[in-house]
Amino acid sequence: MTRQSIMLYVAWLVAIVATMGSLYYSEGLGYIPCDMCWYQRIAMYPLALILGIAAFRSDAHIRLYALPISILGAIIAAFHYAEQKIPGFGGVAPCQSGVPCSAEYMNLLGFITIPFQALVAFTIISVLLFLAKPKKS
C-alpha cells in the first residue's frame, strides 16, 4: 500500500466519522441543524462518497475535486465557529428559520463545539489531500 493510498483511506475515514457524527447529533440526539450546519453537511457528505471511491481506486487525482470542497467546508466551519465564540460577531445574513447559528448544543472544555469538530475534520481532510500528491507519470 502506497503513502498516497493511506492518505486517501484516512481522509475517507475522517469524512465517514464526521458524516456519521453529524447524523448522530441530529437523528440520535435530536439536535436540529442550523443553516450553517447544513452548509457544512453539504460539503462533508459528498466527500464521504468520493473519497471512498478514490481510496478504493487509489486515485490521488481526486484531490483536484475534493480539496476545494474540503477547503470551502473548513471556511464555512470557521465562520460558524466564530459566530458562536466571538461576542458580537454576526453573520453576513442571520439564520432565517429554526435554530440560530450562534446556539451551542455542546461545549466541551469551553471550546469544542460541533462547528469546531467540523473545522478539525475539514482541516485534516484538506491536509491529507494536499499531501496525497499523485505520482508523476
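This is a predicted model: local features need pLDDT of at least 70, side-chain atom pairs count only at pLDDT 80 or more; totals for chains, interfaces and linings use all residues.
Student: Are helix 2 and helix 3 roughly parallel or roughly antiparallel to each other?
Tutor: Angles over 145 degrees count as roughly antiparallel. Helix 2 and helix 3 pack at about 155°. The pair is therefore roughly antiparallel.

Student: Which residues of helix 3 make the contact with helix 2, and what is the hand of the crossing?
Tutor: From helix 2, the contact uses Met36, Cys37, Tyr39, Gln40, Ala43, Leu47, Ile50 and Leu51. Helix 3 contributes Ala66, Ile69, Ser70, Gly73, Ile76, Ala77, Phe79 and His80. By class, the contact of helix 2 with helix 3 has twelve nonpolar, four polar and no charged residues. The crossing of helix 2 with helix 3 is left-handed.

Student: Is helix 2 oblique or roughly parallel to helix 4?
Tutor: Helix 2 and helix 4 pack with their axes 12 Å apart, at an angle of about 40°. Angles under 35 degrees would count as roughly parallel. Helix 2 is therefore, relative to helix 4, oblique.

Student: How many nonpolar, polar and charged residues are in the contact of helix 2 with helix 4?
Tutor: On the helix 2 side are Gln40, Ala43, Met44, Leu47 and Leu51. These meet Pro115, Ala118, Ala121, Phe122, Ile125 and Leu129 of helix 4. The contact of helix 2 with helix 4 has ten nonpolar, one polar and no charged.

Student: How is helix 3 oriented to helix 4, roughly parallel or roughly antiparallel?
Tutor: The axes of helix 3 and helix 4 come within 8 Å. They cross at roughly 155°, and the crossing is left-handed. That angle makes helix 3, relative to helix 4, roughly antiparallel.

Student: How many charged residues does the contact of helix 3 with helix 4 have?
Tutor: The helix 3 side includes Arg63, Ala66, Ser70, Gly73 and Gln84. By class, the contact of helix 3 with helix 4 has 15 nonpolar and five polar residues, and the number of charged residues is one.

Student: What is the volume of the largest pocket, and which helix gives the most to its lining?
Tutor: The largest pocket has a volume of about 470 Å³. Of its 31 lining residues, the closest to the centre are Ser22, Tyr25, Ile114, Gln117 and Ala118. Helix 1, helix 2, helix 3 and helix 4 each give two or more residues to the lining. The most, eight residues, come from helix 1.

Student: How many charged residues are in the lining of the largest pocket?
Tutor: The lining of the largest pocket has 21 nonpolar residues and eight polar ones. The charged residues in this lining number two.

Terms used. Residues are numbered from 1 along each chain as its sequence is written. Side-chain values use heavy atoms; hydrogens and water are left out. On a 1 Å grid over the protein atoms alone, a cavity is a set of points where a 1.4 Å probe fits but cannot get out, and a pocket is an open set with protein on both sides within 12 Å along at least five of seven lines; lining residues have an atom within 4 Å of a point. Grid points are joined across faces, edges and corners, and a volume is the space filled by probe spheres set on the points. Helices (H or I, at least four residues) and strands (E, at least two) are DSSP runs, numbered from the N terminus. Ala, Val, Leu, Ile, Met, Phe, Trp, Tyr, Cys and Pro count as nonpolar, Asp, Glu, Lys and Arg as charged, and the others, Gly among them, as polar. Axes are lines fitted to C-alpha atoms, for helices over the stretch in contact, and angles run from 0 to 180 degrees between N-to-C directions. Angles under 35 degrees count as roughly parallel, over 145 as roughly antiparallel, 65 to 115 as roughly perpendicular and the rest as oblique. Contact means heavy atoms within 4.5 Å. A crossing is left-handed if the near helix is turned anticlockwise from the far one by less than a right angle, and right-handed if clockwise.
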